[in-house]
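Student: I have just opened this structure and would like to learn how to read it. Could you walk me through it step by step?

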Amino acid sequence: MTGNKNGAARTGDKTGKYLENCTGALDQALDEVPAYRAWRQFDRGKGAPIDERYAGLPALTKRDMNIHTPAAFIPPGRSLAEGLKSGEIELVETSGTTEDKVINVWYQSWWNASELASWTLNAHAARVTTGDQREAILANPLNVGFRSERGDLPMEKRRLERFLFLNDLADPMAWTDSYCDRMLRELELFQPVTLEANPSLLSRLCRYILRTGKRAYQPSLIVLTYEYPSFIHRRHMAVVFDAPIMSSYGSTESGYVFSECEHGRFHQNVDYCRVDFLPFRDDCGGPDLGKLLVTTFDNPWRSLIRFDVGDLGRLNPGPCRCGRTAGMTLSLIEGRTVNLTVTPEGTPVTQARVDQGLSDVSRIDDYELRQKDESSYRLRIVCDTGFDPATAAQARDILREIYGPQARISVEEARDLAPGPSGKFQMVQALFPLNPASFLDPRFQPPVPGDSAAEEGL
Ligand SMILES: [Zn+2]
């Protein structure tokens, strides 16, 4: 976070190796990678401080990634065709809406190395992970794993190397009691060291366990990924499992970017990425709240500079109790920009803000909030122990506190909630377009290639 006199302190220690990686990644991209040719005009020059050079550059969006071919992001000396032919890499399309879909050059070795480094950022993960530990994965098969229409793939058909994929149904609303029992049985049989889970799906399994009084096999560590981890979902897990829970943050494009440490803060995976923080305006929740841009290091098959992952983070106000000081420390991942809503006055509200508020209502087991227009909000809640007016009133009061007196809030009971078409739940969403760029502190607004005002430095 350059341009702010406290920037260096706020974004953590940066060692020589880190600065070297930042410089190497940027010089290579600007000098040699075709996709960044139009960015050269924005570079403040090799003599300028590295943070300032980064701060002057555009952000790489998924749209940019679709304008260029995957080959345009490959550093020199490698051929996409040859890499595909030899099997060193493959092309993987991320799930999402048409606009969000990106074809990624997938290089497994780099991904594994990035994951291994991310485990050192949590004491529990560092203790139990080896890189070849047995791991059960509870995810939507639309995102990862094996899919079947009826959810009847036998266990051996859902094994891959050290992994067992517990779920083969794309629609979690189709889980029956016997399907949940199958997962519990397989956990017992497989005895995973780590359970990696989409938080809403693991919450669903935990609620079944709580409802039936059954017991679950206890892994040594639970790793949450794929989705924003709701405090409500984590509450279910904490009742069912003794294992520590770690949230792991990254994306298909960027690898592992932040890991939650044993004290609940998020530390940057500094050996594999740089993070640029674009603070929101003071009247929009900044400067501690902001957007995250990720630059990756040493992936020989893809140069990724200031990639807009579409997520928001909150800077930790001071050093973390765990003692890790390298790179940026976040107190929270605040959710995606597509999950922002606004108050009737137009102030942005993050998913985390809504989630923290509603997690105070102990009877809510799941929810979905939709903002229909600038001042109307519809909350649907699932209560396993029964919906009652007092719970609805409590939830309404919390939302009124968040959105203010002008907000029109309805609260209804829902029997169950379905994921979006990508297989991920959208717990909070505005049903009309917002422009998250307008919430950014203008001093940190990235220029847009082709924008003549920016090019002329105006
Ligand atoms: Zn920490």
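Tutor: Gladly! Keep in mind that this is a predicted model. Let us begin with burial: buried residues account for 54% of the 458 residues in the chain.

Student: What secondary structure does the chain have?

Tutor: You will find 13 helices and 20 strands.

Student: Why does the radius of gyration of the chain agree with that of a compact globule?

Tutor: We compare the chain with a rule based on its length. A compact globule of 458 residues would have a radius of gyration near 23 Å, and the chain has 22 Å, so the two agree. For the extent along the principal axes, the C-alpha trace spans about 65 × 55 × 40 Å.

Student: How much of the contacts comes from residues 24 or more positions apart?

Tutor: Take the contacts with a separation of 6 or more: 66% of them join residues 24 or more positions apart.

Student: Into which domains is the chain divided?

Tutor: Domain 1 covers 7-334, and domain 2 covers 341-433. Their C-alpha centres lie 26 Å apart. Where the two domains are in contact, 30 residues of domain 1 and 28 residues of domain 2 take part.

Student: And the surface: how much of it belongs to carbon and sulfur atoms?

Tutor: The accessible surface of the chain is about 20000 Å², and carbon and sulfur atoms hold 49% of that.

Student: Where do the mean positions of the positive and negative charges lie relative to each other?

Tutor: The chain has 53 positive and 62 negative charges, and their mean positions are 2 Å apart.

Methods: Residues numbered from 1 in each chain as written. Predicted model: local features only at pLDDT ≥ 70, side-chain atom pairs only at ≥ 80, totals over all residues. Heavy atoms only, no water. Helix = DSSP H or I, 4+ residues; strand = E, 2+ residues; numbered from the N terminus. Rg over C-alpha atoms; globule rule 2.2 N^0.38 Å. Buried < 20%, exposed > 50% of the residue type's maximum accessible area, 1.4 Å probe, protein only. Contact = heavy atoms within 4.5 Å. Areas by Shrake-Rupley, 256 points an atom, 1.4 Å probe, with all protein chains shown as cover. Lys, Arg positive; Asp, Glu negative; His and termini not counted. Charge placed at Lys NZ, Arg CZ, Asp CG, Glu CD. Domains from an automatic or database assignment.
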